[in-house]
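Colleague: I have just opened this model and would like to learn how to read it. Could we go through it together, one question at a time?

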Amino acid sequence: MEKEFRKLLGEDLANYLELLRAKMAFAEEMYGIKMNYVPLIADGEIVVLDKNDGKIKWLKTKRPLTLDEFKALAEKIKGNLESGYVEMLLAMNMSCVHGPGE
């Protein structure tokens, strides 16, 4: 994650995004399904974390957020991370996946 983005989110939340990427990679390894994105903002224009490159992007265009766009959305992203909303969305996706042998 870019230094400016880490600074705006704070080290704890930036590190947490790295953990989310690891969870998505684990799901892919364990269940054999592709999970490339996790939503960070799911109301209105959807903003996602891309597992492959760690960038925060617009889902519709797959274009990374500019620093100005990120600054405008940083508080919303922080709120969704701190409240557990993002983790809930990730967990909801996991329940749709059938485990090995199912």
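Predicted model: local features only at pLDDT ≥ 70, side-chain atom pairs only at ≥ 80, totals over all residues.

Colleague: Let's start with lysine 62: where is its place?

Modeller: Lysine 62 has a positive phi, near 65 degrees, although it is not a glycine. Most residues other than glycine have a negative phi. As for its place, lysine 62 is in the loop between β3 and α3.

Colleague: Is lysine 62 buried, partly exposed or exposed?

Modeller: Buried would need a value under 20%, and exposed a value over 50%. The relative accessibility of lysine 62 is 38%, so this residue counts as partly exposed.

Colleague: What about lysine 78, is it buried or exposed?

Modeller: Lysine 78 is part of helix α3, which covers residues 67-83. Leaving out neighbours within four places in sequence, lysine 78 is in contact with Leu8, Leu9 and Leu13. Its relative accessibility is 19%, and the limit for buried is under 20%. Lysine 78 therefore counts as buried.

Colleague: Which helix holds glutamate 87, the salt-bridge partner of lysine 23?

Modeller: In the salt bridge between lysine 23 and glutamate 87, the closest N and O atoms are 2.6 Å apart. The pair links distant parts of the chain, 64 residues apart, with lysine 23 in helix α2 (residues 11-31) and glutamate 87 in helix α4 (residues 85-95). Lysine 23 is partly exposed at 30%, and glutamate 87 is partly exposed at 25%. The helix you asked for is α4.

Colleague: Aspartate 43 and lysine 76 also meet in a salt bridge; how many residues apart are they?

Modeller: Their side chains meet at 3.1 Å, N to O.

Colleague: Which residues are joined with Lys57 into one network?

Modeller: Lysine 57 meets aspartate 53 in a salt bridge, at 3.0 Å from N to O. Lysine 57 is buried at 9% relative accessibility, whereas aspartate 53 is partly exposed at 36%. Salt bridges with shared partners join Lys57 into one network with Asp50 and Asp53.

Colleague: How many salt bridges does the whole structure have?

Modeller: We have looked at some of them, including the one between lysine 23 and glutamate 87. A search of the whole structure gives a count of nine.

Colleague: Is the aromatic pair stacked, tilted or edge-to-face?

Modeller: The count comes to one aromatic pair. Phenylalanine 5 and phenylalanine 70 form this pair, with 4.3 Å from centre to centre and 10 degrees between the planes. Planes under 30 degrees apart count as stacked, so this pair is stacked.

Colleague: Where do these two phenylalanines sit, and are they buried or exposed?

Modeller: Phenylalanine 5 is in helix α1 (residues 3-9) and phenylalanine 70 is in helix α3, 65 residues apart. The relative accessible area of phenylalanine 5 is 6%, and that of phenylalanine 70 is 0%. Both values are under 20%, so both residues are buried.

Colleague: Within what arc do the buried residues of α2 fall?

Modeller: The buried residues of α2 are Leu13, Ala14, Leu17, Leu20, Arg21, Met24 and Ala27. Seen down the helix axis, they line one face of α2, because they fall within an arc of 120 degrees.

Colleague: Which exposed residues are on the face of α2 turned away from its buried side?

Modeller: Picture the helix first: its 21 residues should span 30 Å, and its end C-alpha atoms are 30 Å apart, which agrees. After α2 comes glycine 32, with a positive phi near 75 degrees. The face turned away from the buried side carries Asp12, Phe26 and Glu29.

Colleague: Which element gives the largest share of the largest nonpolar core?

Modeller: This core has 22 residues, and Ile56, Ile77 and Leu81 touch the most other members. Two or more residues each come from α1, α2, β1, β2, β3 (56-58), α3 and α4. Leucine 81 touches residues including Leu13, Leu17 and Leu20. The largest share, five residues, comes from α2.

Conventions. Residues numbered from 1 in each chain as written. Heavy atoms only, no water. Helix = DSSP H or I, 4+ residues; strand = E, 2+ residues; numbered from the N terminus. Buried < 20%, exposed > 50% of the residue type's maximum accessible area, 1.4 Å probe, protein only. Contact = heavy atoms within 4.5 Å. Salt bridge = Lys/Arg side-chain N within 4 Å of Asp/Glu carboxyl O. Phe/Tyr/Trp six-rings, centres within 6.5 Å; stacked < 30°, edge-to-face > 60°. Expected span 1.5 Å × (residues − 1). Arc of directions from axis to C-beta. Core = buried A, V, L, I, M, F, W, Y, C linked by side-chain atoms within 4.5 Å.
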